[in-house]
Each structure stands twice: as C-alpha cells, then as structure tokens.
Amino acid sequence: MNSGTPIDVTLLHTFRAVVEEGSFSAAGARLNCVQSNVTARIKRLEGRLGARLLERGRGGAKTTPFGALTYDRVSEALDGLSNMENDLREAAGSSSVLRLGAMETTAAARLPKVLASLRQRCPKAQVSLKTAPTGPLLDLVWRHELDAAFVAGPIDKDRFHGVRAFNEELVALWRSETAGDDGEVSDLPELGLPLLAFPEGCSYRGSAQAWLRSAGRADVSVTEMGSLDAIIGCAAAGMGLSVVPRAAADRSPEAAQMQSYALPKAFGDVKTFLIWRYDREPGQTLSRLIQILRS
C-alpha cells in the first residue's frame, strides 16, 4: 500500500536489474548484494505497487504483464533522474563521470589522441574507461553500466545511436624469417599454428575466423588471450597467428619483425563506432566527444 512517502529508488534499480539480468542471483551479482536482499526488495516493491511484478521458474525471472509495464516506466524514470543529475552537475560547473567502454585495441591505438582532445575542450571532464570485446560492451551499455562505448560495426539501430569513429584495416601477423615483408595467405604455416585472439564476442576474432574459413583453413584452432600485448608478443614468439588492426600493429616494435598480410576488404575493413543507448540523451562530455569524432 502507498504510504505517501517517496518510493525508494533502490527498489527500482533492483527491479530493473532483475529484468535485465533475467534472474535474482545475477541481479545480486550486478548490484553487489546477496540474493536474499534482492528478493526482499522485489517483495517490498510489489507490496508498494499492489501487484505481482515477476514470476520465478527454472528459466529465471520473467515479468508479468504488469511487470512489463512497470519496467518501461521504471526505466524511463531512472534515466530521467540520471539525466537530471548530469544537467544539474554541469549547471553547477562540474561534470559527471563519463563511463566509457572500448575494445582494447581501440583504447591502445586510438583513444590517447581522442581523449587528449577531449581534455583540451573539457578540462573538467571526468572519464572512466573499461576495455572489453564488442559483445560485452554492447551488453554493458544496454544495461546502463556504461554511458557509451567504442565497438566494431555494424550497429543495431533499434537499440543504439552511433557515430563512426575510425576505419580499421585488419592485418594478419606471424613469425617469419623474412622480417617485415608482406606475405600471402598461402605463406601461412600449414599445420599447428593456432589463431591467437581475445575471447568470444571479439569482432576481430570473428573476422579472422571468417577469413580463415574462406581460405580453406576452418580447422585452425583458437588460443584465447586477455591482452593485445600478449597476442602480438606470442605471435612474435612463433606461438600462433594474430589478426589485429594495422593501427595497433604499427605501434608494436614486435610486429615490425613479423610477416604481415592485409586481409581482403570483405573481412579486413572494419568500422569502429561510438555508440550509446537510443533512449539516452548525451550529456555535455559525451556530446563534446561526439563532436570531436565528427570533426
């Protein structure tokens, strides 16, 4: 029953987390609280609104018809509160932290110059940066855990707005006795050379595997690694084949000592976009970043 007191925003955040994560346990992990707290908050919200919001089963938690309506309204309200806070902070002469995501290769090869320009235009801008493959970054933006992210295109225009940031050319690198010469796909070692790549969800890994399949090398195994330096370094040591943007290869002294092959355009021409949710209005810092990329 509505007691006349303002609704606890924590309850709204918890409800949205359960809907977006699909379970009470996953929502607890996202909110850094135990599952029993999530359950208690949902019960409080249902009691406050006077109707059941979620149905729990083996497949997780699903919204009731009333819960689906509530989710839309709750998301609208929470986004409005966030936008209001950002507007007021900027009006007060400060700025909220821009929670930015990027692929690691983009962060290493492209962002230093871009963020330096942002600092010149917005000296008080605060930016936090999380690196991850494209797939996880899209999920983080959709779940409101990041404000924007640099991801590989194409983008889902039903869920995100975006601006093209960079054009990347993918190159394959592998150890060779002839340093620095451009190779051919036929030069790839015939046996025992795995693809060194980021985990599933990395768009460059997907492009590399599609290229290898087109070249009759669908049998190539994948060795997953967690950093760009490890991928290039292990390729230089002869442990496998790496496929990275040329901009990243050009920054690496080790890459200069390896054979290189520019992937055909169908596989190697990759566009990077800065994306944000379709229903979020960019704040001042993000707007300036968008202006920098467009210019």
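This is a predicted model: local features need pLDDT of at least 70, side-chain atom pairs count only at pLDDT 80 or more; totals for chains, interfaces and linings use all residues.

Student: What volume does the largest pocket have?
Tutor: The largest pocket holds about 750 Å³ of space. Its lining has 36 residues, and Ser-82, Arg-99, His-144, Asp-147 and Arg-280 are the closest to the centre. On a 1 Å grid over the protein atoms alone, a pocket is an open set of points where a 1.4 Å probe fits, with protein on both sides within 12 Å along at least five of seven lines; a cavity is a set from which the probe cannot get out, and lining residues have an atom within 4 Å of a point. Grid points are joined across faces, edges and corners, and a volume is the space filled by probe spheres set on the points.

Student: Which element supplies the largest share of that lining?
Tutor: α4 does, with 9 residues. The elements that each supply at least two residues are α1 (9-21), α2 (24-31), α4 (65-91), β3 (97-102), β11 (269-277) and α12 (284-294). Helices (H or I, at least four residues) and strands (E, at least two) are DSSP runs, numbered from the N terminus.

Student: And the residue classes in the lining of the largest pocket, what are they?
Tutor: There are 12 nonpolar, 11 polar and 13 charged residues. Ala, Val, Leu, Ile, Met, Phe, Trp, Tyr, Cys and Pro count as nonpolar, Asp, Glu, Lys and Arg as charged, and the others, Gly among them, as polar.

Student: What lines the second largest pocket?
Tutor: Ala-109, Arg-110, Lys-113, Val-114, Ser-117, Ala-165, Phe-166, Ile-292 and Leu-293 line that pocket, whose volume is about 160 Å³. α6 gives the most, with 3 residues. By class, this lining has 6 nonpolar, 1 polar and 2 charged residues.

Student: How do α6 and α12 pack?
Tutor: Their axes are 10 Å apart, at an angle of about 125 degrees. Axes are lines fitted to C-alpha atoms, for helices over the stretch in contact, and angles run from 0 to 180 degrees between N-to-C directions. The two helices, α6 and α12, are therefore oblique to each other, given that angles under 35 degrees count as roughly parallel, over 145 as roughly antiparallel, 65 to 115 as roughly perpendicular and the rest as oblique.

Student: Which residues meet there?
Tutor: From α6, Val-114, Ser-117, Leu-118 and Arg-121 meet Thr-285, Arg-288, Leu-289, Gln-291, Ile-292 and Leu-293 of α12, where contact means heavy atoms within 4.5 Å. The residues of this contact divide into 5 nonpolar, 3 polar and 2 charged.

Student: Changing topic, how many cavities of 30 Å³ or more are there?
Tutor: The count comes to 2. The largest cavity has a volume of about 80 Å³. Of its 13 lining residues, Leu-196, Ala-197, Phe-198, Ile-231 and Val-243 lie nearest the centre. The lining of the largest cavity has 11 nonpolar, 1 polar and 1 charged residues.

Student: Lastly, at what angle do α2 and α3 cross?
Tutor: The axes of α2 and α3 (residues 35-49) cross at roughly 105 degrees and come within 8 Å. α2 and α3 are therefore roughly perpendicular to each other. Phe-24, Ser-25, Ala-27, Gly-28 and Leu-31 of α2 make the contact with Gln-35, Val-38, Thr-39, Arg-41 and Ile-42 of α3.

Notes:
Residues are numbered from 1 along each chain as its sequence is written. Side-chain values use heavy atoms; hydrogens and water are left out.
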